[in-house]
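I opened the model to look up its helix packing and its sheet. My entries are below.

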Amino acid sequence: MSISKSDSYAAAGVDVTAGYESVNRIKPLVESTYIPGVMGTLGGFGGLFAPDTAGMEKPVLVSGTDGVGTKLKIAFLMDRHDTVGIDCVAMCVNDIVCSGAKPLFFLDYLAVGKNIPERIEAIVSGVTEGCRQAGCALIGGETAEMPGFYPEDEYDLAGFSVGIADQARMLDGSTMEEGDLLIGLSSSGVHSNGFSLVRKVLGVDRETLSAHIPELGCTLGEELIKPTRIYVKTVLGLLERGVRIRAVSHITGGGLYENVPRMMKEGLTARIQKGSFPVPPIFDLIAKRGNIPERDMYNTFNMGVGLVIAIPKDQVGEAKDILVAMGEHAYVIGSVVKGGDGVELV
């Protein structure tokens, strides 16, 4: 690659040599995520992975794709780029594990206004940290320098992941029954959804982000940049320990009202008790500053619950013990009842 150089392309704003420096910087980060099944190394035209399907009757590949969204604006204003990669991975792998699938690998797409190798390294460090938290490998990706399309200090980040599950053991809500209980796992805050509303309501700029907010116990920026929690190892850990999970819902954009019905069996509704779990102070702040109705808050944000798991009532005690041992903050937030429209908050 040392012989590859284009003065004409550089004059147009694309520095291919900076691209090579970025690759050299991120290569050890990428390789730190490798797990059994990874084939080859960084630099090929395609990422290669050989899945282990031993013991599976009918392996099914489960995929998910997403981006970080306008939360990136927070990173730009704070000049903090080492956490948004976690968000990118989380938004994909948390969806995959809702089917009971184990994420195998991840690929990212990073489009930048200007290739600054140190910034690329910081961004990818977050992606690799997310992959390690999910137990999957970063096996490839793309960095595109696009001068004139993005400002020099801005970028976009998206990606996708592929996981695997045995069809007979997939979670689809088909075994859900009236009387099952709902466990909510705590979020780290806003996660990576609703930031267009957050930025509008809170008037986000460098000054507001650096302001210490007593009720948050930190600056607004520190609160908003917190990465999305990754729940993969938690869900897989419950399954490995024999908990009969009926269904799982990742609470993303649309909040509890939109996402919980996606896991429900027809004819059944999740009845959620609003006072059964703590709502982080950031959501009270957003609601008050924006005069946002409670219904809209629960239909936009996770409100403190990043994942909802439906399990049989007789396993709740066992499941909570396992979750506590794994360091989770878990709450029984409701139950499954007959009829309704998939979810009701009372």
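**Basis.** I am working on a predicted model, in which local features need pLDDT of at least 70 and side-chain atom pairs count only at pLDDT 80 or more, while totals for chains, interfaces and linings use all residues. Residues are numbered from 1 along each chain as its sequence is written, and side-chain values use heavy atoms, with hydrogens and water left out. I took helices (H or I, at least four residues) and strands (E, at least two) as DSSP runs, numbered from the N terminus.

**Helix pair.** I looked up α4 (residues 84-97) against α5 (residues 117-134): their axes lie 6 Å apart and the packing angle is about 35 degrees. Axes are lines fitted to C-alpha atoms, for helices over the stretch in contact, and angles run from 0 to 180 degrees between N-to-C directions. I noted the crossing of α4 and α5 as right-handed (the near helix is turned clockwise from the far one by less than a right angle). On the α4 side, contact (heavy atoms within 4.5 Å) comes from Gly85, Ile86, Val89 and Val93. The α5 side includes Ile123, Gly126, Val127 and Glu129. By class I have 7 nonpolar, 4 polar and 1 charged residues; Ala, Val, Leu, Ile, Met, Phe, Trp, Tyr, Cys and Pro count as nonpolar, Asp, Glu, Lys and Arg as charged, and the others, Gly among them, as polar.

**Sheet.** I traced an open sheet of 6 strands with mixed pairing, in the order β10-β12-β7-β13-β11-β14. Two strands pair if DSSP finds at least two bridges between them. β10 (247-250) and β14 (343-345) are the edges, each pairing on one side only. From one strand to the next the twist averages 25 degrees.

I then followed β7 (residues 181-186). Its pairing with β12 (residues 305-311) is antiparallel over 6 bridges, with Leu181 opposite Ile311. β7 also runs antiparallel to β13 (residues 330-338), joined by 5 bridges, and Leu185 faces Ala330 there. β13 pairs antiparallel with β11 (residues 268-272) over 5 bridges; Ala270 has Val336 as its bridge partner.

**Two helices.** Which residues of α11 (residues 281-290) are buried? I found Ile282, Phe283, Leu285 and Ile286 buried (under 20% relative accessible area, 1.4 Å probe, protein chains only). They cover an arc of only 160 degrees around the axis, so they sit on the same side of α11; the arc is that of the directions from the helix axis to the C-beta atoms. Their cover includes α6 (195-202) and α12 (294-298). Asn291 follows α11 with a positive phi, near 50 degrees.

In α9 (residues 232-240) I listed several buried residues, among them Val232, Val235 and Leu238. Gly242 follows α9, its phi positive and near 90 degrees.

Definitions and conventions: Buried < 20%, exposed > 50% of the residue type's maximum accessible area, 1.4 Å probe, protein only.
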